[in-house]
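Please read the following account with the sequence and the coordinates open beside it. It moves from one chain to the next.

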Amino acid sequence: MRFRRVVGAALAVGIMAGATIAVGSGPAPAASGGSSDAVLTVGTKQDVDSMNPVAGVLLSSYEVWNMQYNVLVNFKADDLAPVPDIATSWSASPDGTTWTYKLRTDMQWSDGEALTADDVVYTLTRARDEEWANFYPFVSGFTDITAPDASTVVVTSAEPNPNLPFIPVYILPEHVWKKYDKKQVASFPNTNPVTSGPFRLTQWDKGSFWEMTANPDYYAGAPKVGTVRFRVFGNDEAMAGALRNGEVDAVHDLNPQLESTIDGSNITPVEALDGTFTQLTMNTGSGPVGNGHPALEDPRVRQAIAHAIDKEELVSKVLKGLGQPGQSVGVSVDPKYNLTVPADKTYNFDIAQANSILDQAGYAKGSNGIRTMPDGTDPLKFRFYYPTSNSVYARDVEFISKWLDQIGIATEVTAKSEDELTPIENTGKFDLVVWSWTPYVDPSPQLSYLTCGQVPETGDDGRYNDAFWCNQEYDALYESQRVELDPAQRIAQIKEAQQILYTEAPYVVLYKPVTLQAYRNDRFTGFVKQPADTGPVIYSQSDPSYLLVEPVVSTSGGGSGDSASGANDSDDGGSSSTGIIIGLIVAVIVIGGGGYLIARRSRTADERE
Amino acid sequence: MARRVFAALLSLIFVLTLNFFLFRVVKSDPVGSLFRGRNVSPEAKDRLRTEFGLDKSLPAQFTAYMGQTLRGNLGVSYATRRSVGSEILDKLGPTLVLVGISTLLSAAIGVLMGIKAAWQRNSSFDRGSTAASMLTYAAPDFYIGILLLAIFAFWLRWLPTGGIENPDGGGLFDQAKHLILPCVTLTLGYFGEYAIIMRSSLLEVVNEDYLVTARAKGLRDALVRRRHAVPNAVLPVVTLFAINLGFVLSGSIAVETVFSWPGLGLATSDALRGPDYPMLQGLFLVFSGAIILTNLATDLIYGYLDPRVSTS
Amino acid sequence: MTSATVPGRGSITWTRRRRAAAAVWKQYWSSTQGRAGLIILILFFGVALAAPLISPSSGLDVTQAGGPILHSPTAGYPMGTDEFGRSIWTLFIWGARVSLAVGIAATVVAVGIGTVVGVVAGYAGGRTEGGLMRVTEWFLVIPFLPLAIVLASVLSRSLFTIVLVIGITSWPGIARLLRSQVISVKERTFVERARALGAGNSRIIGRHILPSVMPLIFANLTLTVPIAILSESTLAFLGLGDPLRVSWGQTLQASFDAGATSLGAWWYYIFPGFGIIFVVLAFTMCGRALEAVLNPRLRDR
């Protein structure tokens with residue numbers, strides 16, 4: 001008896017010890033290489049989905065591609081102006097349809113082959129012909145892509161394209177990619193890529209981390225950090241804790257509510273605006289599809305609604321101050337394209353004014369306080385949807401529906417997953433939706449979403465005009481800016497289009513939410529915001545920071561040494577097979593113990609008889 | 001025995017079918033939402049729909065699903081784009097550790113408390129332990145976690161606030177420290193059940209004839225208790241334990257969320273944000289499968305050990 | 001001698017039943033547990049029902065919240081305020097309405113389905129019973145929380161969904177219990193006599209079987225409501241509840257999201273949490289007292 005109990009106790013202790021050991025073990029990443037020993041560790045919440053630029057879609061993947069590939073013309077850090085990358089100079093024909101790029105002659109792929117105009121032509125042509133999803137919009141208009149010699153590329157379009165010289169397509173090595181046909185190219189993992197950029201991918205532990213080491217032969221000079229390691233975190237608190245403890249040097253997309261937990265003097269927070277805006281979309285009823293409420297076809301109703309939303313309150317109460325109240329629709333990451341509405345013309349928050357607009361327009365309140373159409377029918381009860389992907393939307397909707405109550409509009413609120421919401425929007429079976437958009441640098445895509453041509457016609461054609469809004473004047477301005485080569489003219493036309501959007505209000509832009517980043521200023525210096533003042537320092541358009549960042553030379557000698565070591569897997573790595581083995585042992589012990597007890601019971605019964 | 005295995009298989013098939021159809025209730029377009037705001041041509045989207053198998057008819061999708069699942073392919077997570085199977089394998093260990101230890105502890109503590117309470121019926125210990133059991137049972141398990149977290153991690157700062165180890169680099173002692181609060185939470189939540197059942201089972205047994213005989217023979221109280229009463233009274237507790245074993249995997253969902261413990265439970269509540277349907281489907285399968293398997297194993301072991309158990 | 005098939009209020013059967021009920025009540029009230037539980041419940045239900053009189057629902061409106069942000073309890077705000085400036089006392093009493101209502105509604109659904117399935121299975125026997133019990137066992141195998149999560153994630157996030165989900169996942173246990181009870185009642189002599197006298201199935205079920213299992217159903221109700229309340233709070237905490245409707249679980253979720261634990265805003269989670277604890281405790285105490293009355297074997301506990 002006593003022996004058994006001792007064994008039992010020993011087993012229990014053993015299991016607990018074994019279990020904790022199992023949890024602790026796990027893969028440790030290889031040590032870094034590169035031209036310097038400095039390791040910059042970045043914390044992120046999103047893993048790369050694919051190292052293949054033709055297949056991946058997530059933001060973290062773009063981060064990798066920015067660091068390991070090149071484009072013809074890149075974006076300047078402070079104002080997104082064109083800067084040379086593969087191309088050293090460029091010029092356009094007088095009518096703007098033919099562009100000629102002169103390329104560098106000293107660029108090399110990581111396998112030693114030279115990067116020539118043939119690679120450029122090959123990549124652009126395939127992207128256009130095979131409609132590579134990430135790049136097609138930028139190349140679809142090219143009729144002719146040729147390389148008259150090894151260092152010149154000529155691109156001809158059917159119409160003038162004001163976005164050139166920018167062609168945001170990562171140039172890929174022809175000699176590697178020509179082995180993959182149209183079907184294979186979208187699925188091969190590309191985890192040992194041949195690249196030309198300042199960093200090379202050296203390791204990827206899916207779900208845990210990936211590592212990029214500096215390219216010592218990079219044409220612009222080797223980066224000042226030898227290794228950049230990205231660690232994937234499962235939750236924000238752990239990521240913030242890692243920044244505080246020095247396990248990571250920079251973080252991206254930290255929950256803004258945790259900003260107060262990283263307020264040491266050695267941490268610099270970056271409240272970045274990446275162009276994203278959140279809007280209230282109203283179904284204005286154009287087109288054959290959908291059953292939006294007729295009241296929303298009246299711009300006065302939409303303007304009244306715009307007056308009934310306190311955007312400052314949303315920023316302060318819902319975003320805890322981390323955002324900018326919304327104004328015009330943001331059509332570009334580049335602030336020079338975005339309209340600033342003069343203060344006296346904005347939809348200031350005024351419930352009384354909203355009510356009077358609706359009263360004067362004939363939408364009288366019924367006996368239950370809910371307004372009806374001017375003929376007394378169809379009470380203004382709107383179906384209001386929002387996606388479950390972000391908990392902030394639920395709070396936005398709560399505020400908005402209460403304000404709408406105050407102006408006599410009732411709402412029926414439903415949360416849907418993004419996947420479910422997309423067909424609901426496409427078929428027009430809604431009245432109000434809160435969602436977000438993130439524009440590109442090129443304003444045309446975002447502008448195009450609200451053109452007449454994007455109004456869904458069949459309910460499953462995947463068009464983007466979720467406001468079902470059609471305005472000929474706006475469409476005309478969109479078409480003209482699309483081919484307007486004079487930058488000042490183009491900007492004026494774009495702003496005029498935005499003014500129409502603001503006045504007609506198919507969207508009410510609620511705010512531009514801040515993405516919170518932060519870095520250890522006592523370890524690294526040289527981070528740049530792109531664009532200046534408001535932009536992010538990492539996860540930006542072209543990620544210039546990684547080339548400029550260098551370790552802080554401090555007297556305490558901290559910095560790179562610590563961050564290079566001690567890289568256990570992140571807190572959501574845990575163990576895998578060892579944990580299962582331990583778990584199985586526990587289960588067996590438990591079941592065996594139970595069986596033992598039952599066996600004892602039977603024996604005791606026998607003893608009785 | 002064959003009948004039991006067959007019944008378990010039927011249950012598994014039922015779960016698989018339920019799993020498939022539950023998620024078809026949703027009318028969704030994951031490809032459309034994935035490419036929202038990107039100028040992707042309808043042809044490219046259709047190609048992806050074919051890749052995801054979304055263009056097939058319902059019966060074809062069902063057959064594909066059954067075939068894939070039985071081969072171990074649980075699909076690809078919408079959020080991380082990794083295979084659901086490998087995500088689950090990664091997170092299985094921490095959950096097994098947390099829940100395994102808590103279940104053992106709560107059973108042990110509960111049983112011992114129940115024995116003492118029954119043997120000293122109506123004493124202050126008995127009343128106290130019953131009160132404690134009822135109190136912890138009345139609190140949601142995640143709430144016990146929140147209270148412990150507030151007291152020990154944020155106010156007293158004795159223990160870490162979450163995760164499985166310090167990002168600075170763990171070590172055995174550090175991980176044990178991280179394990180304490182979630183483990184205590186689950187133990188507190190579940191010991192009460194064992195205590196109360198052990199107590200009432202023991203009270204029922206105590207009056208049976210053979211114990212009177214034992215006491216009449218002059219045996220000491222403690223001996224009577226240990227050798228005769230307890231082993232016979234422990235059966236309902238063992239039954240409870242065996243039943244709980246299967247539910248062990250899914251029992252920690254809320255607590256793992258409170259403590260950011262990187263196990264299957266946290267994966268479940270993370271998958272809700274989206275929702276990440278392939279992950280939810282895979283997790284549901286794993287949870288139900290675990291119960292079916294442990295039920296089967298328990299049935300078989302019982303049948304082997306105690307021939308009196310009926311084979312119905 | 002009254003025939004068991006003659007209905008009517010004035011009949012001896014009903015008088016007998018009324019006297020039995022009175023005896024049950026007297027016994028129940030003599031138990032401290034039962035008394036305490038019932039008083040606590042009356043208190044909470046009273047506050048919940050009187051909510052519109054105590055604190056107007058405009059206090060729940062985020063756009064009209066005038067209080068200080070996340071402030072500890074003061075004179076004007078006895079339970080402190082949340083991150084929007086609303087009084088948590090208002091959230092508490094209005095949340096009580098939803099938590100209690102959902103708990104009861106879900107229990108009614110669960111007991112309703114469980115009773116129908118259990119009674120039919122127990123009474124019909126044979127293949128019907130076999131088939132029904134197999135389905136019941138299948139549902140018992142599925143763990144509650146994952147099934148609830150899956151259902152709540154594919155249906156919309158509303159109170160109706162929560163009630164449905166809890167109801168669907170809780171009925172199997174009740175069905176099993178009732179079936180065994182019905183089987184034992186079925187064999188009793190008065191039922192045989194009724195059948196001999198030509199009573200049809202529905203009459204037998206309605207006049208004899210149901211009244212016999214009614215005490216069991218009732219005791220189960222009192223023990224299922226707290227489980228439903230706990231389930232609702234867990235589902236709300238995981239984010240499956242309707243975020244625009246206040247319940248105790250929803251408030252706990254909001255407090256966790258707002259970081260109340262790390263910010264030291266104890267009032268945000270103490271009050272709704274202990275509301276749940278007290279109500280569940282009260283129901284459990286009532287249930288145990290009731291069980292002791294109806295099942296004399298348990299009385300010696």
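From the N terminus on, the elements of chain B run α-α-α-α-α-α-α-α-α-α-α-α-α, where helices (H or I, at least four residues) and strands (E, at least two) are DSSP runs numbered from the N terminus. Chain B accordingly has 13 helices and 0 strands. This is a predicted model, in which local features need pLDDT of at least 70 and side-chain atom pairs count only at pLDDT 80 or more, while totals for chains, interfaces and linings use all residues. Residues are numbered from 1 along each chain as its sequence is written, and chains are lettered from A and ligands numbered from 1 in the order in which they are written.

Confidence in chain B can be read from pLDDT, the predictor's confidence in each residue, from 0 to 100. The mean for chain B is 80, and 84% of its residues reach 70 or more. Within chain B, confidence is lowest in helix α9 (residues 209–216), at a mean of 66, and highest in helix α11 (residues 253–259), at 91. Of the 312 residues of chain B, 47% count as buried, a term that requires 20 or more other C-beta atoms within 10 Å of the residue's own, with 12 or fewer making a residue exposed, anything in between partly exposed, and C-beta atoms placed from the backbone. Among the contacts in chain B with a separation of 6 or more, 70% are between residues 24 or more positions apart, a contact being two residues whose C-beta atoms, placed from the backbone, lie within 7 Å.

Chain A has 17 helices and 21 strands, and of its 609 residues 51% count as buried. Residues 24 or more positions apart account for 71% of the contacts in chain A with a separation of 6 or more. The pLDDT of chain A averages 84, and 85% of the residues score at least 70. Over residues 1–35 of chain A, however, the pLDDT is below 50, although this stretch has 65 contacts in the model beyond near neighbours in sequence. Residues 556–581 of chain A likewise stay under 50, and for them the model has 75 contacts beyond four places in sequence.

How is strand β1 of chain A placed, buried or exposed? Strand β1 (residues 39–44) of chain A is mostly covered, with 6 of its 6 residues buried. A:V39, A:T41 and A:G43 point one way from β1(A), while A:L40, A:V42 and A:T44 point the other way, and all are buried. Strands of a sheet pair through backbone hydrogen bonds, either parallel or antiparallel, and two strands are taken to pair here if DSSP finds at least two bridges between them. β1(A) pairs in the parallel sense with strand β10 (residues 227–232) of chain A over 6 bridges, and A:T44 stands opposite A:V232 in β10(A). Strand β11 (residues 250–254) of chain A also runs parallel to β1(A), joined by 2 bridges, and in β11(A) the bridge partner of A:V42 is A:A250.

Elsewhere in chain A, 4 strands form an open sheet in the order β4-β5-β7-β6, with antiparallel pairing. Its edge strands are β4 (87–92) and β6 (142–149) of chain A, each of which pairs on one side only. The twist averages 20° from one strand to the next, with axes being lines fitted to C-alpha atoms, for helices over the stretch in contact, and angles running from 0 to 180 degrees between N-to-C directions. Between β6(A) and strand β7 (residues 152–157) of chain A, which run antiparallel, there are 5 bridges, and A:I145 has A:V155 in β7(A) as its bridge partner. Helix α3 (residues 117–129) of chain A lies across β5 (98–103), β6 and β7 of chain A, running at about 165° to β6(A).

A:H307 is found in helix α7 (residues 299–307) of chain A, and counts as buried because it has 24 C-beta neighbours inside 10 Å. Leaving aside neighbours within four places in sequence, A:H307 is in contact with residues including A:Y347, A:F349, A:D350 and A:I357.

In chain C, the axes of helix α4 (residues 88–124) and helix α10 (residues 248–257) come within 7 Å and cross at roughly 130°. That makes α4(C) oblique to α10(C), since angles under 35 degrees count as roughly parallel, over 145 as roughly antiparallel, 65 to 115 as roughly perpendicular and the rest as oblique. C:L91, C:G95, C:A96 and C:S99 in α4(C) meet C:W248, C:G249, C:Q250 and C:T251 in α10(C). The residues of this contact divide into 3 nonpolar, 5 polar and no charged, where Ala, Val, Leu, Ile, Met, Phe, Trp, Tyr, Cys and Pro count as nonpolar, Asp, Glu, Lys and Arg as charged, and the others, Gly among them, as polar. Finally, 10 residues of chain C are in contact with 11 residues of chain A, and the side of chain C that touches chain A divides into 4 nonpolar, 3 polar and 3 charged residues.
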